[in-house]
Amino acid sequence: MSSNHYCKSIHEQLEEGLGSLPDIPAPEGFTAAILARLPREAERRASWRKWRTAGAVAALMLLLGSPLYVLTDGARPMFESTDPHVSIQLRGGVVTLPAGEVLRGDLRVYNAELRVAGRIEGAVYLAASKLAIKPLGEVVGEVHVLPQSWLTRLRQGLVQMGMEVRSYVRGALR
Amino acid sequence: MDLVAASLIKRAKRGEVGAFAELVDAYKDKIFAFLYRMTGNREDANDLAQEVFIRVYSSLHTFDHDMRFSPWIYRIAQNLAIDFLRKQKKTVYLDDQPGQDNDMLWQVECQSPGPEEMTELHDLRVVLEVALRELAPMYRMVLLLRFAHDMSYEDIAKVTELPITTVKTRLHRAREALRQALIEKGYSILPRRVTP
């Protein structure tokens, strides 16, 4: 054996042989076969992802949206009635129950002046609001003045948000 | 390759089926070859390889981008292969039988590489394919991962979930078992003199 040669060990030869094993290509149409199996899986994942996303967005809206509403939009005049059939007007910071209207339920008013010319059979809740009962107006239930606590403001924010969402959904369905 | 895979996975996670198809194209031959040599059957290897990629797809959301893709996909492949071999409970033979001439002698003399040696190298591959099939799966697996798929000890440890020292020991024993398998089949290997 000359000096510029050396003998490869048996193990090295085995390793070399293993390293030179030929490629074995996957069968024709392998990728297509897998992709054909994916839609059901993708659908399942997409469906889960969609609901998860919707849930996350809703939770985020509640968590961030409510305080944001309170901070940015909390002073907006608004009202909340438990009787959906009565016609109540809101203009320029004044909530009016017109003469002849009967509200069979409670009424909450935020950041506004409530003018009652009709009849309210339930209670009235006033948050940062004033009450004016017109000559023909009547409030049968109790009148409560709500404290200006964060809870009141949060409730107002949530109610406001609910109204916005309902309005948005109605618009989208039209 | 793993960087490309990471990018494809990110896109696939966003729902790009095309990116997942690219990922399959990039790894299908390696995974198929690995499973073919583990199972010894083309149809079983095809079924298992498809299952590997379906599992990859289903688990994309769990893929940690701090990890490398290769060890991850090979771990899925080896788990499926082990499950398959356990269920088989019998020796599996390749459906196409290379090197059926069992009297063939592979012997490399101490000489410079030449055309004859190239032929012998081809013969060696054929013989190795046959001998590999007769090794215990745990030996076959580490030999394939290390030498046919160029994996580091660390990556093999990740794939097999064994300590690196165990991987090294197993590799050493696997080489010895392979050499023994060759000898038992009548093949002899002599040290080969080559130009450094």
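Reply: Sorted by type, the lining of the largest pocket in this predicted model holds 9 nonpolar, 8 charged and 3 polar residues. Together these make a lining of 20 residues.

Some of the lining residues can be picked out by their position. Nearest the centre of the pocket lie K30(B), Y74(B), A148(B), H149(B) and D150(B).

Two helices, α2 (17-39) and α4 (69-88), each give at least two residues to the lining. Of these, α2(B) deserves a separate mention: with 5 residues, α2(B) provides the largest share of the lining.

The pocket can also be described by domain. Domain 1 of chain B covers residues 1-91, and domain 2 covers 98-196. Each of the two domains contributes at least three residues to the lining of the largest pocket. The lining therefore draws on both domains of chain B.

For background, here is chain A. Chain A has 174 residues, and 35% of them are buried. Its secondary structure consists of 3 helices and 12 strands. The accessible surface of chain A is about 10700 Å², with carbon and sulfur atoms accounting for 59% of that area.

Methods. Residues numbered from 1 in each chain as written. Chains lettered and ligands numbered in written order. Predicted model: local features only at pLDDT ≥ 70, side-chain atom pairs only at ≥ 80, totals over all residues. Heavy atoms only, no water. Helix = DSSP H or I, 4+ residues; strand = E, 2+ residues; numbered from the N terminus. Buried < 20%, exposed > 50% of the residue type's maximum accessible area, 1.4 Å probe, protein only. Areas by Shrake-Rupley, 256 points an atom, 1.4 Å probe, with all protein chains shown as cover. 1 Å grid on protein atoms, 1.4 Å probe; cavity = no way out; pocket = protein on both sides within 12 Å on 5 of 7 lines; lining within 4 Å. Nonpolar A, V, L, I, M, F, W, Y, C, P; charged D, E, K, R; others polar.
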